[in-house]
Amino acid sequence: MVYNWYYKKNRTGVCTEHNLPQKTKTFLAEQLHFALPQIHTVQESKDRTVKFLFELRDGKKVETVLIPFQGKYSVCLSSQVGCAMNCSFCHTGLQGFARNLSADEIVGQLLGAKTWLANHRADDAKISNLVYMGQGEPLHNFDAVKTSAEIFISQHGLSLADHKVTISTSGYAPGLKRWKQEMPDVNIALSLHSPFNEKRSQVIPINRRYPLEEILPLVDAIPTGKKRFVTYEYLLLKDFNDGPEDAHATGRLLRGKKAYINLIPFNAFPGARYQAPAADKVQAFKAVLDGYEIPTLIRTTKGDEILAACGQLNSLAL
Ligand code: SAH
Ligand code: SF4
């Protein structure tokens, strides 16, 4: 009943369901807090992307993005305030790490975004997918991310289909090791960005500690459903990892796996030292991967003008 009140009816105040014992109501009111993160600012872009800056109980802020997709929305959630991984191409990484989000702060982002949609875009308020691709490295905050994912897919919680939830990781091995036993049955996405350790380490520093030969078998060991794939994200940085030799090595590495590649041309942000490759270079990269018969999608950028695209989130720059 209490789950119903908060998750199905999307209420945030004290639970007043009449057939709940008074003792329980008092306990809930005193012991638990259900207030959603406060919306500090909302930015809407022409393509209908919406970026929320949520203010948390301690005044810290995180961003959440609603991305329009075939008449519905994908929600991009943050898992930490900032990120400790310090990837060189990522606006969040450059902001440093402040703290982990609690499970209620992660779930609260979805409930907050859902409430806003119902109030502002009632006729197309459907949320179809959830991705942990906002600020933070989800597996570096394993327990809270796990609890939030359980709430999202639980029948008592938000009842989302498990294959609609995707957690993206830069390859944080301690979390990958726990995944198989502990994580609910949601999708995994690995930020690959290069099939070569030397290059990957230049842009994702934790690759020095957890190199490809350690993390790829851990990803392979995660059970995927019959029709499911592991998504490998490949960020294309001009003149760094966008050449045919990179594409061929990626094809060789992923050939035969249940892999799906998401090519993401670099999204720029103020002060960034990289550029996106030209469109024909991106197409050529995809053509090589097609030759290895690996399904590959070029991710079109949404919400760019409000810095809401992947890797542009930085709640300290606002
Ligand atoms: N920390 C996790 C999830 C958040 S980042 C991870 O790294 O996977 C989500 C995706 O955005 C990752 O694939 C990340 O590499 C990518 N990304 C980061 N900065 C980017 C940028 N400037 N342009 C495009 N994609 C970026
Ligand atoms: Fe963190 Fe992911 Fe950004 Fe790397 S790309 S700094 S892991 S949020």
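A: A crossing is called left-handed if the near helix is turned anticlockwise from the far one by less than a right angle, and right-handed if clockwise. In this predicted model, local features need pLDDT of at least 70, side-chain atom pairs count only at pLDDT 80 or more, totals for chains, interfaces and linings use all residues, and side-chain values use heavy atoms, with hydrogens and water left out. Residues are numbered from 1 along each chain as its sequence is written, while chains are lettered from A and ligands numbered from 1 in the order in which they are written.

The crossing of α4 over α5 is right-handed. Helix α4 covers residues 142-153 and helix α5 residues 173-182 (helices are DSSP runs of H or I with at least four residues, strands runs of E with at least two, numbered from the N terminus). Their axes lie 11 Å apart and meet at an angle of about 35° (axes are lines fitted to C-alpha atoms, for helices over the stretch in contact, and angles run from 0 to 180 degrees between N-to-C directions). From α4, the contact (heavy atoms within 4.5 Å) draws on F142, D143, K146 and E150, and from α5 on G175, R178, W179 and E182. By class, these residues comprise 2 nonpolar, 1 polar and 5 charged.

Turning to the ligands, 21 residues surround ligand 1, the closest being G136, S168, S191, H193 and N267 (a heavy atom within 4 Å). A polar side-chain atom of S168 lies 2.7 Å from an oxygen atom of ligand 1, and a polar backbone atom of N267 is 2.9 Å from a nitrogen atom of the ligand. Of the 530 Å² that ligand 1 exposes when taken alone, the protein buries 96% (Shrake-Rupley areas with a 1.4 Å probe). Strands β8 (165-169) and β10 (230-236) are the elements that give two or more residues to this shell.

Terms used: Polar contact = N/O pair within 3.5 Å; in protein donor to acceptor, adjacent residues only side chain to side chain. Nonpolar A, V, L, I, M, F, W, Y, C, P; charged D, E, K, R; others polar.
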